[in-house]
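Please read the points below with the sequence and the structure open beside them. They go from the sheets to the helices and then to the ligand.

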Amino acid sequence: MSRLIVISNRVSVPKAAGAAGAQGGLAVALNSALREHRGIWFGWSGQETEEFTGHLDMQRNNGVTTATIDLEPQDIDEYYNGYANRTLWPLFHYRIDLTEYDRNFGEGYERVNARFADSVGPLIEPDDLVWVHDYHLLPLGSMLRQKGVKNRMGLFLHTPWPPARLLVSLPFHERLVSSMLEYDVIGFQTEEWLGSFLHYVDKELGLDVNEDGTIDYNGRTIVARAFPIGVDYKEFVEGSHSTEAKDAYEHLKASVRGRKVLIGVDRLDYSKGLGERFESFNRFLADNPDRAGEVVLLQIAPPSRGDVASYQQIREDLERKTGHINGAHADVAFVPIRYVNRGYPRRQLAGFYRAADIGLVTPLRDGMNLVAKEYVAAQDPEDPGVLILSQFAGAALQLTDALLVNPHSIEHVSETIKRALEMPLAERRERHEKLLASVRDEDVVHWRDEFVKALFGDEDDDVIR
Ligand code: ADQ
């Protein structure tokens, strides 16, 4: 069996078995694949060093080997805070108004990708499969090829892929996208992002895209395909029956004293549509004064990327909006928005989801969105809550039985909240059953197996299990 080399910006070091459930589903799925493949997970340690040495910190934890490097402050500034999070992230989420085009960022991005290639290259043995993750590392494959790596290599992009009309605003976009064609497999979350990529390849690079979506380039055939990521269904359902989940459920239920709960769980990011969500909830309260005292919005939003100004801005915006809305609708014993800036262990989160009557998942643009799937997985099938989901999340292409909304339309979302609150049990059950089937059948293990199979070249069906 081939070894698997996973490469991503950061490495999620596996916890001891007893701490299972504290990690994200992606880390769990990749770690189990790495264990079975005797693989290595390589990436940045998250630590700074005065001068880059390329020193590899190799550790073995719970059957998985991790290899990490430290980066210089300038690297972190230009590559991570710069090109990754101030250029590519906003551009890939259709926010060219927030996209910064700074030559130093581009240079830092290439320098750090080259540093990744220098450091991980020597670890790669001839039969290894290389699986690279996300927008931080688009040119890594081509840099590894330049170092003579001939292995099968794949890239999975967790974000959307923007329309060609937006992407061409990026200086050197041809160079960036051409470099991606050194991978053997390029995976996207949905057919929509895949379509935008193929359109770009056809129109801007002038390459022929075959009927089956493959691309012929420099004598090689590249597979570009959609692999919608899922949640670790089994772990999540088990977790939602745990004591921690039950305690969290009881605690939240007791605290709202019979009121209906709407829940939002998102990294604090402008792509998640939190401002519009709060506005919509405000509209609902204003338009339905008879119900205003009966509903609570619990918004859990851990801060992220705090070194980037647009993230500081969104944080300030939300604090202002929360204060404003609570000021207008609260009374001495009740506030309508509970806004919490912290992370929770996954089992507690499962309990909160289960206690919520509505899952409010309204990103303006999202590669997939796992929260929508977690919300569905955590529900009681006998008395399930209602998922309100943005039509602009990748997940909307699979979760078509959710109440799909345009998150920019405050009225539409407000009316949909009302509809969800009034939805009869039979309809809730019927919708939930279909949603659950999709979340269960296309889970993270399925996603991983499909990708690794494609990376293998579809020759061996039994590559992982
Ligand atoms: P994200 O943009 O981070 O991921 P999402 O898919 O929603 O978005 O995943 C977030 C994860 O973090 C979920 O598993 C969620 O439970 C967890 N989380 C969020 N807030 C939390 C909190 N307060 N406490 C504990 N856990 C919390 C990127 C892309 C997405 C894509 C994923 C996976 O932007 O579109 O779905 O990668 O590919």
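**Notes on the fold and the ligand shell**

1. The order S3-S4-S2-S1-S5-S6-S7-S9-S8 describes an open sheet of 9 strands, and its pairing is mixed. At the edges stand strand S3 (57-61) and strand S8 (214-217); each has a single partner strand, so one side of each is left without a neighbour in the sheet. On average, neighbouring strands of this sheet are turned by 20° against each other, with direction ignored. Please bear in mind that the model is predicted.

2. Within this sheet, strand S5 (residues 129-133) pairs with strand S6 (residues 153-156) in the parallel sense, over 4 bridges. Here tryptophan 131 has glycine 154 of S6 standing opposite. As a general point for reading such positions, side chains in a regular strand alternate between the two faces of the sheet.

3. Further along, S7 and S9 run parallel and are joined by 4 bridges. Phenylalanine 188 stands opposite alanine 226, a residue of S9.

4. In which sense do S8 and S9 pair? Their pairing is antiparallel, over 4 bridges. Aspartate 216 is placed opposite threonine 221 in S9. S8 and S9 form a hairpin, and 2 residues lie between them. One point to check by eye is asparagine 218 in the turn, where phi is positive at about 50°.

5. Helix H7 (residues 191-203) lies across strand S7 (185-188), S8 and strand S9 (220-226), and runs at about 145° to S9. Helix H16 (residues 444-456) lies across S5, S6, S7 and S9, running at about 130° to S5.

6. How many bridges link S10 and S13? Strand S10 (residues 260-265) and strand S13 (residues 358-361) pair in the parallel sense over 2 bridges. At this pairing, leucine 262 stands opposite isoleucine 358 in S13.

7. The axes of helix H13 (residues 370-378) and helix H15 (residues 425-441) come within 9 Å and cross at roughly 120°. The crossing of H13 past H15 is left-handed. H13 makes the contact through Lys373, Val376 and Ala377, and H15 through His432, Leu435, Leu436 and Val439. By class, these contact residues are 5 nonpolar, 1 polar and 1 charged.

8. Which residues are closest to the ligand? They are His158, Gly343, Gly367, Met368 and Leu370, out of 19 residues that surround the ligand. H13 gives the largest share of this shell, 3 residues. The shell residues divide into 10 nonpolar, 6 polar and 3 charged.

9. Last, the chain as a whole. The protein chain contains 16 helices and 15 strands. Its C-alpha trace spans about 70 × 50 × 45 Å along the principal axes. The protein chain has a radius of gyration of 22 Å, which agrees with a compact globule, because a globule of 465 residues would have a value near 23 Å.

Note on methods: Residues numbered from 1 in each chain as written. Predicted model: local features only at pLDDT ≥ 70, side-chain atom pairs only at ≥ 80, totals over all residues. Axes fitted to C-alpha atoms, helices over the stretch in contact; angles between N-to-C directions. Left-handed = near helix turned anticlockwise from the far one by under 90°. Contact = placed C-beta atoms within 7 Å. Nonpolar A, V, L, I, M, F, W, Y, C, P; charged D, E, K, R; others polar. Near = placed C-beta within 6 Å. Pairing = 2+ DSSP bridges. Rg over C-alpha atoms; globule rule 2.2 N^0.38 Å.
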